Amino acid sequence: MKLSISVVGTGRMGSALARALLQSGYRTTVWNRTKQKAEPLAALGATVAGSVLEAVNAAEIIIVNVSDYQASAVLRDDAVASAIRGKLIVELTSGTPHGAREAAEWFAAHGASYLDGAIMATPDFIGTDAGTILISGPRQAFDANEEMFRALGGNVQHVGEEPGRANALDSALLALMWGALFGTLHAIAVCQAEEIDLGELGRQWTAIAPVIDGLVADLIKRTDAGRFASDDETLSSISPHYGAFQHLLELMEARKIDRSVVDSYDAIFQRAIAAGHLHDDFAALSQFLESPDKRSLRSGPRGGSLLAG
Ligand code: NAP
């Protein structure tokens, strides 16, 4: 007999999670603050709970997916606290590593097991082989329920015992995504200012995408190995990047395109160059991302930056 699972929060994502569980044959109870949004799931076999307490009492595992950790406080309520003892809470709401650590402590203090996850997919990927969800927290709680996680996505991975890890990876991967998306906005603005049709941009992007993928993979690998000095395998040092980057700044200035985002890239380049890294591998820039406040705190007693070198 499959476990009973409750899904707290049936917005776009929570509904997709509940549908995937129902399709895999789990007895599924759902609760949503606005009850009407949970009701379509009843037609698929879900029980719609009238309160969070009822949803918690109905299941061994409670999956939470609401807008943020403030909203998931519906579970960290005096009226519900005694009912969660002995249950497994799986928090799939997006949040910070700190929020996950705080929640893990709260649930441990109230006798519940806690896994914290980050969904790296849109609702249409949930329940498919390509659905990716990162989970952190006690490995044994993940392993014991692997079948349930597989129902949510073919690529559900345990990424570590430390509860904040899935959310930290989420932010890291989204930083990568937004870098690409905001970069695309800049590319669009340049093409529009220069009257290049966006179909052409799309075609050229497809052609150079493998080059950029290669640069990203190389940057991660070299930074991990601390190989910042240029060597035979360096694809590009900071110097040619910085030269080409000046062309972009100049064009954006001439065409009155907002430079605030690219100016912050310029600041990182300049910090690295001032510290003597112009001819080092692009990966050397990874040492210059600390905020100026933290950098001045880390400066030595004679004002020499510990990062310079
Ligand atoms: P959504 O459709 O806007 O749903 C938000 C859910 O949160 C609704 O069930 C809403 O209830 C509930 N909620 C909000 N405030 C609440 C409160 N104070 N108390 C109780 N419930 C509250 O958003 P979504 O797309 O499903 O996203 C849900 C979570 O999944 C977010 O953390 C999001 O970052 C994450 N996620 C989403 C996607 C995606 O592609 N959609 C991808 C990855 C991660 P009501 O219906 O009553 O308003």
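**Domains, a helix pair and one glycine**

The C-alpha centres of domain 1 and domain 2 lie 39 Å apart in this predicted model.

User: Which residues does the domain assignment give to domain 1 and to domain 2?

Analyst: Domain 1 covers residues 5-167, and domain 2 covers residues 197-295, according to the domain assignment of the protein.

User: By what is the packing of two helices described?

Analyst: The description of two packed helices rests on the angle between their axes and the distance between those axes. Here, helix α7 (residues 165-193) and helix α8 (residues 198-225) have axes that come within 12 Å and cross at roughly 145°. The crossing of α7 past α8 is right-handed.

User: Which residues make the contact of α7 with α8?

Analyst: From α7, the contact is made by L176, A187, I188, C191 and Q192, and from α8 by L198, L201 and V216. Of these residues, seven are nonpolar, one is polar and none is charged.

User: Where is G160 placed, and is G160 buried or exposed?

Analyst: G160 is in strand β8, which spans residues 155-160. Residues under 20% relative accessible area are called buried. G160 counts as buried because its relative accessibility is 15%.

User: Which residues does G160 touch, not counting those up to four places away in sequence?

Analyst: With residues up to four places away in sequence left aside, G160 touches I135, S136, G137 and R165. For I135, the separation from G160 is 25 residues in sequence and 7.5 Å in space, taken from C-alpha to C-alpha.

Key. Residues numbered from 1 in each chain as written. Predicted model: local features only at pLDDT ≥ 70, side-chain atom pairs only at ≥ 80, totals over all residues. Heavy atoms only, no water. Helix = DSSP H or I, 4+ residues; strand = E, 2+ residues; numbered from the N terminus. Buried < 20%, exposed > 50% of the residue type's maximum accessible area, 1.4 Å probe, protein only. Contact = heavy atoms within 4.5 Å. Axes fitted to C-alpha atoms, helices over the stretch in contact; angles between N-to-C directions. Left-handed = near helix turned anticlockwise from the far one by under 90°. Nonpolar A, V, L, I, M, F, W, Y, C, P; charged D, E, K, R; others polar. Domains from an automatic or database assignment.
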